[in-house]
Amino acid sequence: MTNPLILGIETSCDETGVALVRGHELLFDAVASSMDEHARFGGIIPEVASRAHLEAMIPTIRQALDEAHVDLTDVDAVAVTAGPGLVGPLTIGASAAKALAVAINRPLYGVNHVVGHAAVDQLVHGAFPDRFLSLVVSGGHSSLLLVNDIARDVEELGSTLDDAAGEAFDKVGRLLGLPYPGGPHIDKLAREGDPQAIRFPRALTKGRDKEKHQDDFSFSGLKTSVARWVEARHDQGLEIPLNDVAASFADAVADVLTAKTLAACQRHDVDTLVIGGGFSANSQLRDMAAERCAEAGITLRIPPIRYCTDNGAMIAALGANMVAANVAPSALDIPVDSSMP
Ligand code: KG4
Ligand code: ZN
């Protein structure tokens with residue numbers, strides 16, 4: 001099949017994403033989000049997200065087809081997120097994808113959401129090198145991937161042992177009294193603060209932990225340190241210097257993420273790093289990664305923010321690679337897997 005048309009569907013969290021990709025070209029990417037409905041709960045409510053996906057699914061598919069000026073019957077394959085993510089939301093997307101695949105008699109590809117975060121960069125920055133590393137960071141995941149072949153051979157070198165990077169930001173945001181999600185608010189405050197003001201610990205970077213977990217992350221200890229520091233100031237009746245706390249915390253997260261990722265690049269002898277996931281909007285991470293990659297001679301690729309947050313384009317892009325690599329399609333009874341490795 002030359003340049004097949006792939007429809008991608010993403011529903012692992014709160015975004016209903018539908019996109020059409022032909023080869024490495026993105027025709028249209030439609031996203032509906034239910035974040036506004038979750039903000040008042042201070043976190044994603046799976047039931048609320050599932051219902052929102054159910055309502056948004058067909059209109060979002062319709063919008064993508066209309067804007068891309070293609071007919072449903074022009075679609076050559078349907079790709080959908082099979083995991084990881086929230087079971088209810090994943091099930092809504094998978095059901096829609098299966099129904100479409102059956103209706104138009106085309107193959108279905110159940111794909112990995114985290115790998116999709118890396119794959120989407122191809123639509124923006126062109127073909128991938130033979131091997132590269134990808135750091136995928138969001139509210140739900142913090143993973144370091146060694147990509148030998150995006151369609152067939154992706155190895156997870158490490159991941160977070162507790163909170164994801166965005167999740168840690170959101171939790172620290174809550175303890176600093178910032179609105180949900182706290183990540184972008186901390187980023188903004190941090191830009192006005194001194195990153196050296198408070199020395200928060202860098203987890204899993206020393207001693208035996210360092211060897212055992214060289215490619216893993218851990219942010220819950222850091223979050224606890226911030227909480228203790230803030231409590232101690234409260235107890236002394238002192239004001240909390242929000243800018244400095246935010247800057248010092250953000251610096252610790254960016255330091256660990258970039259130091260470990262660059263060490264892995266060197267260990268695996270790769271010269272390209274792709275950063276993806278909603279947390280890659282973070283200025284402190286972006287600045288430090290740009291600086292350290294330049295020093296190390298590593299090409300850094302970060303897609304624009306709208307392709308870093310969850311979207312259908314990442315799933316269509318990965319599906320397109322699977323079709324091009326002649327990967328066997330998924331059976332129509334494939335399950336969704338909330339903790340897919
Ligand atoms: O990928 P995403 O939109 O949703 C998930 O799949 O989680 O990522 C959102 C996460 C949230 O935790 C949010 O607070 C965080 O990324 N985030 C940020 C920034 N923008 C988004 N964290 C720090 N700085 C930012 N600028
Ligand atoms: Zn994601």
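Me: Where does Asp310 sit in the chain?
Reply: Asp310 is in a loop. That loop lies between α12 (305–308) and α13 (312–324). Keep in mind that this is a predicted model.

Me: Buried or exposed, that Asp310?
Reply: Buried. Asp310 has 27 C-beta neighbours inside 10 Å. The cut-off for buried is 20 or more, so Asp310 counts as buried.

Me: Which residues does Asp310 touch?
Reply: Leave aside its neighbours within four places in sequence. Then Asp310 is in contact with Glu10, Ser12, Cys13, Glu15 and Gly17.

Me: What does UniProt list as "binding site"?
Reply: The unreviewed UniProt entry lists His113, His117 and Asp310 under that heading. They span 198 residues in sequence, yet no two of their C-alpha atoms are more than 8.8 Å apart, so they gather at one spot.

Me: OK, His113 then. Where is the place of His113?
Reply: His113 is in helix α4, which covers residues 113–119.

Me: And why does His113 count as buried?
Reply: Because His113 has 27 C-beta neighbours inside 10 Å.

Me: What does His113 touch?
Reply: Not counting residues up to four places away in sequence, His113 touches Ser12, Thr81, Gly83, Pro84 and Gly85. Ser12 is also listed among the contacts of Asp310.

Me: How far is His113 from Leu318?
Reply: Their C-alpha atoms are separated by 9.1 Å. Along the chain, the two are 205 residues apart.

Me: Now β5. How many of its residues are buried?
Reply: Five of five. Strand β5 is residues 108–112 and is mostly covered. Leu108, Gly110 and Asn112 point one way, while Tyr109 and Val111 point the other way.

Me: Which strand is β5 joined to?
Reply: Strand β4, residues 77–83. Five bridges join β4 and β5, and the two run parallel. Within that pair, Val78 stands opposite Leu108.

Me: New topic. In what order do the strands of the five-stranded open sheet come?
Reply: The order is β8-β7-β6-β9-β10, with mixed pairing. At the edges stand β8 (153–159) and β10 (299–301), each with a single partner strand, so one side of each is left without a neighbour in the sheet.

Me: By what angle are neighbouring strands turned?
Reply: On average 25° against each other, with direction ignored.

Me: What packs on the sheet?
Reply: Helix α10, residues 242–267. It touches β6, β7 (142–149), β8 and β9. The direction of α10 makes about 160° with that of β6.

Me: And in what sense do β6 and β9 pair?
Reply: In the parallel sense, over four bridges. β6 is residues 132–137 and β9 is residues 272–276. Leu135 has Ile275 in β9 as its bridge partner.

Me: On to α9. How many residues does α9 have?
Reply: Helix α9 has 16 residues, 220–235. It reaches 22 Å from its first C-alpha to its last, close to the 22 Å expected at 1.5 Å a residue.

Me: Which residues of α9 are buried?
Reply: Leu222, Lys223 and Val226 are buried. They cover an arc of only 105° around the axis, which puts them on the same side of α9. The buried residues pack against α6 (165–175) and α10.

Me: What does the face turned away from that buried side carry?
Reply: The exposed residues Thr224, Arg228, Glu231, Ala232 and Asp235. Just after α9, Gly237 takes a positive phi of about 70°.

Me: What about α11, what should its span be?
Reply: At 1.5 Å a residue, its 14 residues (283–296) should span 20 Å. The end C-alpha atoms are 20 Å apart, which agrees.

Me: And the buried residues of α11, which are they?
Reply: Gln284, Leu285, Met288, Ala289 and Cys293. They cover an arc of only 140° around the axis, which puts them on the same side of α11. On the other side, Glu291, Ala294 and Glu295 are exposed.

Me: What covers the buried residues of α11?
Reply: The cover includes α7 (183–190), α10, β9 and β10. Just after α11 comes Gly297, with a positive phi of about 70°.

Me: Last one. Which residues does UniProt list for the "Gcp-like" domain?
Reply: The unreviewed entry gives residues 26–316. Over that stretch the chain is 51% helix and 17% strand. Its end C-alpha atoms are 9 Å apart.

Technical notes: Residues are numbered from 1 along each chain as its sequence is written. Chains are lettered from A and ligands numbered from 1 in the order in which they are written. This is a predicted model: local features need pLDDT of at least 70, side-chain atom pairs count only at pLDDT 80 or more; totals for chains, interfaces and linings use all residues. UniProt positions are given in the numbering used here, feature names are shortened, and annotations may be inferred rather than shown by experiment. A residue is buried if 20 or more other C-beta atoms lie within 10 Å of its own, exposed if 12 or fewer, and partly exposed in between; C-beta atoms are placed from the backbone. Two residues are in contact if their C-beta atoms, placed from the backbone, lie within 7 Å. Two strands pair if DSSP finds at least two bridges between them. Axes are lines fitted to C-alpha atoms, for helices over the stretch in contact, and angles run from 0 to 180 degrees between N-to-C directions. The expected span of a helix is 1.5 Å times one less than its number of residues. The arc is that of the directions from the helix axis to the C-beta atoms.
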